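Subject: Structure for your review

Dear colleague,

Please find below the sequence and the structure that I am handing over to you. My notes on what was found follow directly after.

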Amino acid sequence: MPIALDPKATFEYVLEDDRTLDAEAQTRFTLRGLTVAEEARVADSMISSIPGQEELSFRSGTHQLTVLRYGLRGWTNFLTAEGVQVPFETNKGAPRHVTDDCLDRLLPRHRQELVSVILERGPVSEAEGE
């Protein structure tokens, strides 16, 4: 039986790279799934066409960026190499979302992992993956 979701409920996530660390050393990301309207905007942002031309282009970078802007809601214990906490900053516009400067602090593989988790509304368990 399906269970109704809270479309804006957040959850914490620890990257696979951090899971072997002690809990106090792990970076914790606050994420949320996308609303149906956000999912539509993300899907629409993936394909681009020029009027009068038959070619379509796929914009996977725009897709990833849009998902992170909607779904990444915060972090704790995200440190620089010098051990300084990286502040989580959002833009001043609407919709309010994480800044590109903050996203630049994440490795590409970590950004991709977060995108996958946001789109799945949490990590996929072994039972679900079978």
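Along the sequence, the chain runs in the order β-β-α-β-β-α-β-α-α-α, with 5 helices and 5 strands in total. Helices (H or I, at least four residues) and strands (E, at least two) are DSSP runs, numbered from the N terminus. Please note that this is a predicted model, in which local features need pLDDT of at least 70 and side-chain atom pairs count only at pLDDT 80 or more, while totals for chains, interfaces and linings use all residues. Residues are numbered from 1 along each chain as its sequence is written, and side-chain values use heavy atoms, with hydrogens and water left out.

Confidence and overall figures

The predictor's confidence in each residue, pLDDT, runs from 0 to 100. Its mean over the chain is 84, and 80% of the residues reach 70 or more.

Of the 130 residues, 33% count as buried, where buried means under 20% relative accessible area, exposed over 50% and partly exposed in between (1.4 Å probe, protein chains only). The accessible surface of the chain comes to about 8,800 Å², and 52% of this belongs to carbon and sulfur atoms. These areas come from the Shrake-Rupley method with a 1.4 Å probe; for residues, only the protein chains shown count as cover. Among contacts with a separation of 6 or more, 56% are between residues 24 or more positions apart.

The nonpolar core

A nonpolar core is a set of buried Ala, Val, Leu, Ile, Met, Phe, Trp, Tyr and Cys residues joined through side-chain atoms within 4.5 Å. The largest one has 22 residues, of which Phe29, Leu31, Leu72, Trp75, Leu106 and Leu114 touch the most other members. At least two residues of this core come from each of strand S1 (10–13), S2, helix H2 (60–71), S5, H3 and H4. The element that gives the most is H4, with 4 residues.

Helix H4 covers residues 108–120. Its 13 residues reach 19 Å from the first C-alpha to the last, close to the 18 Å expected at 1.5 Å a residue; the expected span is 1.5 Å times one less than the number of residues. Its buried residues are His110, Arg111, Glu113, Leu114, Val115, Val117 and Ile118. Beyond four places in sequence, Leu114 touches Tyr13, Leu15, Phe29, Leu31, Leu68 and Leu106. After H4 comes Arg121, whose phi is positive, near 60°.

Leu68, in helix H2, is buried with a relative accessible area of 1%. Apart from neighbours within four places in sequence, Leu68 is in contact with Val98, Leu103, Arg111, Leu114, Val115 and Ile118.

Aromatic pairs

Rings of Phe, Tyr and Trp (its six-membered ring) pair if their centres lie within 6.5 Å; planes under 30 degrees apart count as stacked, over 60 as edge-to-face and the rest as tilted. The whole structure contains 4 aromatic pairs. One of them joins Phe29 and Trp75 edge-to-face, at 6.2 Å centre to centre and 90° between the planes. Phe29 lies in strand S2 (residues 28–32) and Trp75 in strand S5 (residues 72–76), so this pair ties together parts that are 46 residues apart in sequence. Phe29 and Phe78 have ring centres 6.0 Å apart and planes at 55°, so they form a tilted pair. Phe78 lies in the loop between S5 and helix H3 (100–103), so its pairing with Phe29 of S2 links parts 49 residues apart in sequence. Phe29 and Trp75 are both buried, and Phe78 is buried too. Together with Phe88, Phe29, Trp75 and Phe78 form one aromatic cluster.

Leu34 sits in the loop between S2 and helix H1 (36–45) and is buried, with a relative accessible area of 2%. Its contacts beyond four places in sequence are Glu39, Val42, Val67, Tyr70, Gly71, Ile118, Leu119 and Arg121. Glu38, in helix H1, is buried at a relative accessible area of 8%. Leaving aside neighbours within four places in sequence, Glu38 is in contact with Arg32, Gly33 and Tyr70.

Yours sincerely

Technical notes: Contact means heavy atoms within 4.5 Å.
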